[in-house]
Amino acid sequence: MSFAAIFVPDFPVEAVLHLEPELRSRAVSVLEGKPPLQKIWGLNDNARRTGLEIDMTRLQAEAWPDLVLRCRSALQESAAHAALLACAQSFSPRVEDTACDTVVLDISGMESLFGPHAKLARDLARRASDLGVEANVAVASNPDVATIAARGFSGVTVIAAGQEQERLGNLPLEVLFANQNNERNQFLDTLERWGIRNLRAFAALPEMAISERLGKRGVYLQKLARGATSRTIVPVDPPLVFEEVVELECPLVLLEPLAFLLNRLLEQICARLSARALATQELRLKLELGQEEESGGTRVLARRAQTFTRTLRLPVPMLDAKVFLKLLQLDLQANPPGAPIKKIWLSAEPAKARAAQGGLFLPPSPEPEKLELTLARISGIVGEGKVGSVELLDTHRPEGFRIEHFTPATPEQKKSKANGDLDRNAVITALRMFRPRLSATVTLRDGKPALISCPKKKEVQGEVIWQAGPWRSSGDWWQPNSWARDEWDIALQTHAGVALYRLVRDLLTGRWFVEGTYD
Amino acid sequence: MSSLLVCAQPATGRPEAFRTTEKPALLLKRLSTVPHLSRVTPASRLEVRPAPETVSSGIAEIDALTGGLPRGCLTEIYGPASSGRTSLLLATIAAATQRQEACALVDVSDAFDPQSAAAAKVDFKNLLWVRCDPESKKNPPRRRGDTKKFSSAQANRSSRAWEPCLEQTLKTTDLLLQSSGLGLIAIDLGDIPLEAARRIPLTSWFRFRRAVENTPTVLLVVGQAPCARTCASLLLRMEGQRSAISPQLSVRKIPEPAQLLEGLHLQVEFVRSRLERKPAQSDRAALETRAAWTG
C-alpha cells in the first residue's frame with residue numbers, strides 16, 4: 001500500500017494567499033480575536049524572518065513596517081480546504097480529510113496512471129500550487145508516516161518502505177501533533193525535561209517505560225515516531241460544492257476592483273472544476289452590501305447587511321474564467337448592486353463538460369462561449385428581454401409569443417434534422433407589425449371602413465380602395481385581461497402603389513388601430 | 001498637353017523619362033522593359049476571385065433570377081411598403097433555418113411578426129431576434145464616424161427619432177459579424193424613413209462588407225431604398241403595380257360582398273450584381289405570395 005499526504009504549512013496564511021496570491025512575496029500575518037484584543041494566529045516565512053511571533057498583539061505587529069495584516073476568515077479557510085480536497089480527489093478517489101491543513105490519499109496502483117511515486121508527488125504539489133495553495137507532499141507506505149513526513153519536510157518527500165524510522169529520525173517532536181493544545185504542550189515539556197528533542201531519541205526509549213510514564217497515548221506517539229502504526233484511512237466523499245468567498249476589509253464601491261476579485265474567484269473555481277473534469281452551467285454571485293448611513297455629518301456603513309444576488313444561467317456547460325468574468329461584468333453593469341460591497345460569494349453549479357464533435361458537412365454555428373458574450377453585449381445595448389429566440393404561446397391573443405434565451409441547435413440536433421430536404425412552400429404574405437399599434441380615425445360606409453386617417457403615420461391615410469373583413473376574434477373572457485376585436489384587411493392608394501394594412505377595432509373600447517402592413 | 005513620367009532605373013539609379021503623349025501601346029512596351037516595373041502585374045491579368053458560394057433564398061423564382069444569395073457578401077433588397085420585401089425576408093430566413101443554420105434578425109423598427117414567420121416555416125430555435133428599442137436607456141457610446149452623421153444639426157425630427165435604433169443596429173450588427181458562425185444576418189430597415197436610412201455612414205457599410213468577407217454569412221439588408229450603395233454585391237428591387245389594385249391583389253369573393261385577401265402578385269427586379277464580371281443588366285421575375293390563413 002502507498003499513501004500520499006498533502007500538508008499546507010501556515011494554513012491560515014495560505015487561506016489568505018489563496019485569494020491574494022500577489023502577497024506571497026510579502027510578510028503576512030493573520031489575526032484572530034475580537035478587536036482590540038486581536039493576536040497573531042498565523043505567519044508566513046517572510047513574516048517569521050522579520051522577528052514576528054505567534055500570539056503577539058495587533059498593536060505590537062503594527063510596529064513592523066511592511067507587514068500585511070489580515071483577519072482570520074473561516075470562509076476563506078474552508079475554501080482553501082475545499083481546494084486541497086479537490087486537488088487530492090483529482091488523483092485518487094480514496095481521500096481522507098485528516099485535518100483542515102492535511103489530506104491523505106491512497107495511491108496504491110496509481111503508478112500505471114500517473115507514473116512513479118516521486119512524479120506523482122511532484123504532480124500533486126504542482127496541482128495544489130495551481131489551485132492557489134503551496135503544500136508539502138510526502139509519499140510513504142503508511143498514512144501516518146506520510147502525514148508526519150509532510151509536516152516535517154518541505155517540498156516533495158518519498159519514503160521507501162522499511163526506511164520510515166531512519167528518515168523520520170531527525171524531525172522535531174512537534175510534527176507528531178496536528179494542533180497546538182495543552183496535551184501537546186505538556187508532552188513536549190516532559191520530553192524536553194528528559195532531553196528528548198527528536199523522533200529518533202523518542203523512538204529509542206523503552207516502550208514499557210513510556211507506557212508507565214506517559215500512558216497509552218505515549219505508546220501511540222512512540223509508534224508514530226517509529227513509523228510503526230497501522231491504520232486504514234477513512235475516505236470522504238465531499239459534496240460537489242464549488243464556492244469561493246472573499247470578505248473585504250474595506251467595502252468596494254466601484255465595479256472595476258470588483259472585477260479583479262471576481263477574476264481570482266473564477267480562476268479558482270474553474271481550476272477546481274477542471275481538476276474534477278467538470279464544467280458549469282450556472283454561476284451564482286451573492287454580494288453582501290453595507291448600507292451607508294449619515295452619522296454625525298460623516299457617512300458610515302450601517303451594520304444592517306443586505307444581500308444582492310445575481311444568477312448567470314448558461315445554455316451549455318462551459319469552463320472559461322475569462323468568459324464568465326465578462327458575462328458577470330456585463331450583468332453587473334446592467335444591474336449594479338447599488339451599495340458598497342462587503343463580502344463576495346461566488347458558486348458554480350457543476351455540470352458534465354460538453355463533448356461535441358463538429359462535422360465537416362454540418363452548417364456553421366457560433367461558438368457557445370462567444371455567442372453568450374455577444375448576446376450579453378447586445379442585451380446591454382438594446383435592453384434585457386429584447387434579444388432571444390421566439391416561442392409561440394398556445395393562444396390566439398395578438399402578440400402571443402415570448403422571448404427565450406437563444407440557443408442554436410447542437411451538432412447532434414443538426415445531424416438528425418439535416419437529412420430532410422428543404423421544405424419549399426409558396427411564399428407567405430408577411431405582416432409587418434407597428435409596435436405600439438397606431439391609433440386611427442376611421443369613417444365607415446355601409447359598416448365598412450371607407451376613410452382612414454392615422455396621425456402618427458402620414459402614409460396611412462386617405463380613401464380605402466378595397467377592404468376585406470371583418471374577422472372577429474375574442475378570448476380570455478374569463479380573465480381580467482380579456483380581448484375582443486374585429487380585423488379588416490384594407491388597401492390604400494399611395495404614391496408608390498397600393499399599400500395593404502391590417503386594421504383592428506377593439507370591441508371592448510370601440511377604438512380603431514392600424515396593427516401592421518402586409519409586405 | 002503632355003506630361004513627363006520619370007522612373008529611376010534600379011540598375012544604374014539614373015532616371016529615365018517617358019512622355020505620356022506617346023501611344024499607349026508604345027508606352028506600355030517601353031515601361032515593360034524597365035526591370036523594376038516588369039514585376040508589376042497589370043490589372044487585366046490579376047487573378048479572378050473565386051465566385052462566392054450561393055445559398056437558396058427559399059423562393060425558386062428569386063434563385064432562378066439571381067443564382068441564389070452569395071455568402072460572404074452584402075445583399076440588399078429594397079422596395080416600397082407592400083412590395084413583398086418582408087415576405088422575401090421571411091422566406092430567406094425560413095430556408096436558412098431549415099438548413100439548420102443559426103440566423104440573426106436585427107429588427108430596427110420592431111416589426112417582425114412571429115405568426116407570419118411561423119406560417120413561413122421559420123425554425124425559431126435557430127433565429128436570434130434583436131428588437132431595437134428607441135427608448136432603451138442603455139444606448140452605447142457612439143462611434144466617432146457615426147456621431148458625425150447623426151449629430152448633424154440639420155437632421156429633421158423624423159430621422160432623429162430613429163437615431164437610437166440605428167445606433168443600436170450598427171453596434172449590434174458589428175457584434176454579430178464579429179461573433180462569426182451565423183449563416184444569415186438580416187437587417188430590417190423596412191420602416192425606416194429614407195432620410196434616416198441614408199444617414200447611416202458609408203463607412204459602416206464598408207465595415208460590414210469587410211467583416212462579412214470570407215465568412216459563410218449572408219448579410220441581408222431590407223429597406224425602402226438602397227442605402228449600402230456600392231457595398232452591396234447583389235441588389236434586388238421589389239415592386240407592385242403602380243395604380244391598379246386588381247393585378248396586385250389576389251382576391252377571392254366568397255360570397256358577395258365578403259372578400260378575402262389570398263395573396264399578392266409581386267415583381268422582383270434584379271438591379272445589380274457585383275459577382276459576375278459582365279455588365280450589369282436588369283432582369284425581372286414575377287412572384288406570388290399567399291396569405292398565411294391559406295395553410
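The domain assignment of chain A gives domain 1 (3-226), domain 2 (242-352) and domain 3 (431-518); such bounds come from an automatic or database domain assignment. The model is predicted: local features need pLDDT of at least 70, side-chain atom pairs count only at pLDDT 80 or more, and totals for chains, interfaces and linings use all residues. Residues are numbered from 1 along each chain as its sequence is written, while chains are lettered from A and ligands numbered from 1 in the order in which they are written.

The centres of domain 1 and domain 2 of chain A, taken over C-alpha atoms, are separated by 32 Å. In this pair, 14 residues of domain 1 of chain A are in contact with 11 residues of domain 2 of chain A. Two residues are in contact if their C-beta atoms, placed from the backbone, lie within 7 Å. On the side of domain 1 that touches domain 2 of chain A, the elements giving two or more residues are helix H4 (74-89) and H6 of chain A. H4(A) gives the most, with 7 residues. By class, this side of domain 1 of chain A has 7 nonpolar, 5 polar and 2 charged residues. Ala, Val, Leu, Ile, Met, Phe, Trp, Tyr, Cys and Pro count as nonpolar, Asp, Glu, Lys and Arg as charged, and the others, Gly among them, as polar.

The secondary structure of chain A comes to 15 helices and 21 strands. Helices (H or I, at least four residues) and strands (E, at least two) are DSSP runs, numbered from the N terminus. The radius of gyration of chain A is 35 Å, well over the 24 Å that the globule rule gives for 519 residues, so chain A is more spread out than a compact globule. This radius is taken over C-alpha atoms, and the rule is 2.2 Å times the number of residues to the power 0.38. Along the principal axes, the C-alpha atoms of chain A fill a box of roughly 120 × 70 × 40 Å.

An open sheet of 5 strands in chain A has the order S5-S6-S1-S7-S8, with mixed pairing. Strand S5 (95-99) and strand S8 (156-158) of chain A stand at the edges, each with a single partner strand, so one side of each is left without a neighbour in the sheet. From one strand to the next, the twist averages 15 degrees. Two strands pair if DSSP finds at least two bridges between them. Strand S1 (residues 3-7) and strand S7 (residues 136-140) of chain A pair in the antiparallel sense over 5 bridges. Within this pairing, Ala4(A) stands opposite Val139(A) in S7(A). Helix H6 (residues 117-130) of chain A lies across S1, S7 and S8 of chain A, and runs at about 155 degrees to S8(A). Axes are lines fitted to C-alpha atoms, for helices over the stretch in contact, and angles run from 0 to 180 degrees between N-to-C directions.

The peptide bond from Pro35(A) to Pro36(A) is cis, with omega near 5 degrees. Pro36(A) lies in the loop between strand S2 (27-32) and strand S3 (39-43) of chain A. The peptide bond from Arg435(A) to Pro436(A) is also cis, with omega near -5 degrees. Pro436(A) lies in strand S16 (residues 431-445) of chain A. Ala277(A) has phi near 55 degrees, a positive value in a residue other than glycine. Ala277(A) is placed in the loop between helix H12 (255-275) and strand S10 (278-295) of chain A.

Between the chains, 56 residues of chain A are in contact with 71 residues of chain B. Helix H14 (residues 368-382) of chain A gives the largest share of the side of chain A that touches chain B, 8 residues. That side of chain A divides into 31 nonpolar, 11 polar and 14 charged residues. Strand S15 (residues 427-428) of chain A and strand S13 (residues 283-290) of chain B run parallel, joined by 2 bridges. The bridge partner of Val427(A) in S13(B) is Thr289(B).

In chain B, S13(B) also pairs with S12(B), in the antiparallel sense over 6 bridges. Here Phe270(B) stands opposite Asp283(B) in S13(B). Strand S12 (residues 259-273) of chain B is joined by 6 bridges to strand S10 (residues 234-239) of chain B, and the two run antiparallel. Leu236(B) stands opposite Phe270(B) in S12(B).

The model scores ipTM 0.79 and pTM 0.75. Chain B has a mean pLDDT of 79, and 72% of its residues reach 70 or more; pLDDT is the predictor's confidence in each residue, from 0 to 100.
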